[in-house]
Amino acid sequence: MVPKTKRVKHRRSQEGLLHAFPFLLPSLLGLLVFSALPLVISAFISLTDWNGLDELLAPGMFQEHFVGLDNYKNIFASKEFWQVLRNTCYYIVLYIPLMLITSLAVAQLLAKKRRGVTVFRVIYYIPVLTSWVAASLIWKSVLSPQYGALNNLLALVGIEGPGWLLDETWAMPAIVLVSVWKDMGFFGLILLSGMVSINPSYYEAASLDGAGAWSKFFRITLPLMSPVIFYVLIVSLINAFQLFPQIMIMTDGGPNGATQVMVERIYKYGFRYYRMGYASAFSWILFVIIMICTFIQMKCQKRWVNYDT
Amino acid sequence: MTLKRKGSTLLYYAVAIAVAIVALVPFVWMVSTSLKSRGALMSIPIEWIPEEPTLDAYRTVFERFPFLRTVGNSLFISVTYTLITLLSASMAAFAFAKIRFRGSGVLLGLYLATMMIPTQVTMIPLFVVMNQIGLINHYSSVILPSIFRPFAVFMLVQQMRTIPGDYLDAARVDGASTFRIYRQVMLPLCAPTLATLAVTTFMESWNDYLWPLLMLTDRTKMTLPIALSTLNGQYNTEYNVLMAGSLISMIPIVLIYVFAQKYFQNGIIAGGIKG
């Protein structure tokens, strides 16, 4: 009978909390210190013209630097913000469809039970393992106009390649290509997990009806893996808004601002120009944009995501 | 084999190999470039395979930069980061999954909600705090955030909920304390998930850029990605040096991948790694 009374005791919430607390303590501290408090402080900083150098907790500091919503107004009034937003959207519009198509292709290739498929899986995943910094350096070298691999390969087939990262028109498409190259293995494997969980009897039934490979792909595979595709779209869109290391290493926002994006601006305002208030306001705008986009995606999912398998 | 099936096999391998080439060519280029001398970098026509391969670039990396130290920093930071994540997240997950207490659901929801906050929002206040308590250029500034990793908590809660309560009751009958149940029953049962998390967390920490960039500015304290980006500033067009550095930075993670492939796979399927 001892265990039973003990279990009943456990159900009493106060004692439960007492038991749970020591286990929760480290992560609760972390939540407070690394998430909740910074969030609140960031909101306050975004209302100031603080430069990041003066003592934050000095008396009168907040009154002295308080500027209300000026940072937000200035950001929305600046031409730069809209240019940066356009650049980010340009990246997203190119990146998301290309990434989705290549990852679907990767998943489709890896879903087949063919000889050598494990080798392909390892190879496709190597770009994912590489850090963004190393990958960006490698591609900076590959894309170097005169001495790089890509333009010299193109020259072999008689095409004169552009200046890529040094060319205002081609810099962003080049960043997109590199990002697709880096991410296709990652999202490909996520999509693969959705693809292999589809019940094979659907395909058998379709075969009996004389369906071809393409119609099977569009009529069965895509609809049945729509929840995974949805997940990939959510994650990749959030990641796309936070595009940063590849920009820093490959173009540093150039040429002529063609690859300036939101996080790059936040970083530079905060840590190069020491305008912490402005940078914080910028980061809140980014936060809100991400939330709105995620919300819209969630709302739209009913129309196309199919949860009954 | 019919002609049609032969054709589809051929098509499959043609596409699969083409994708593999696209994935690998940049790395082949990296190796080739890293073995070139400074002069050979700018020879026209370019040398696809260096005519006089040399290890000069590797020597430069190690001589002009405390690169061995950097590799050590990266290893130390990533290993401790991973251990703390596993410990803290598994403890929290145990509380959420196996101890009934008031507000458990709300609190877990709060943990998950913080995943929505982009790091860019919290990084400025955190930088300020780290700066004022003098933790900049301390490893701990990069390691400490590992204590709160909501995604790891979420993954472990999912796993722990599938473990039947009977195991725990059996241990309780034997008089085991809650801590012993966690340590000696729960952790071993979660070993596969923990392994997956370990691999993915290690990789994230190893490749992390933005936060270490802010925290580690001293050349002797830098992690590999930060050191590489510093090299990028210094040797902007000396691609042999940059490629040598990149190649060295890739070795440990590729080795781990080869030995722990299975866990990487599970990690991705759970959505655990950021690209």
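**View 1. Domains of chain A.** The domain assignment, which is automatic or taken from a database, divides chain A into domain 1 (2–65) and domain 2 (79–304). The model is predicted: local features need pLDDT of at least 70 and side-chain atom pairs pLDDT 80 or more, while totals for chains, interfaces and linings use all residues. Residues are numbered from 1 along each chain as its sequence is written, chains are lettered from A in the order in which they are written, and side-chain values use heavy atoms, without hydrogens and water. Between the C-alpha centres of domain 1 of chain A and domain 2 of chain A the distance is 35 Å. In contact (heavy atoms within 4.5 Å) are 10 residues from domain 1 of chain A and 9 residues from domain 2 of chain A.

**View 2. Interface of the two domains of chain A.** Domain 1 of chain A and domain 2 of chain A bury about 670 Å² between them, with 66% from carbon and sulfur atoms; buried area is the accessible area (1.4 Å probe) lost by two parts on being put together, summed over both. Of the area that domain 1 of chain A buries against domain 2 of chain A, 44% comes from A:Leu39, A:Ser46 and A:Asn51, more than from any other three residues. The two domains of chain A share 3 residue pairs in polar contact, both residues at pLDDT 80 or more. A polar contact is a pair of N or O atoms within 3.5 Å; within protein, one must be able to donate a hydrogen and the other to accept it, and residues adjacent in sequence count only if both atoms are side-chain atoms.

**View 3. Interface of chain B and chain A.** Here 92 residues of chain B are in contact with 92 residues of chain A. The buried area between chain B and chain A is about 8300 Å², and carbon and sulfur atoms give 75% of this area. Between chain B and chain A there are 15 residue pairs in polar contact (both at pLDDT 80 or more). Helix α1 (residues 3–34) of chain B, with 17 residues, gives the most to the side of chain B that touches chain A. Helices are DSSP runs (H or I, at least four residues), numbered from the N terminus.

**View 4. Helix α7 of chain A.** In helix α7 (residues 132–142) of chain A, 11 of 11 residues are buried, meaning under 20% relative accessible area (1.4 Å probe, protein chains only). Among them are A:Trp132, A:Trp139 and A:Lys140. The buried residues of α7(A) pack against α8 (149–156), α9 (168–196) and α13 (245–250) of chain A, and against α1, α12 (224–234) and α13 (239–259) of chain B.

Definitions and conventions: Helix = DSSP H or I, 4+ residues; strand = E, 2+ residues; numbered from the N terminus. Buried < 20%, exposed > 50% of the residue type's maximum accessible area, 1.4 Å probe, protein only.
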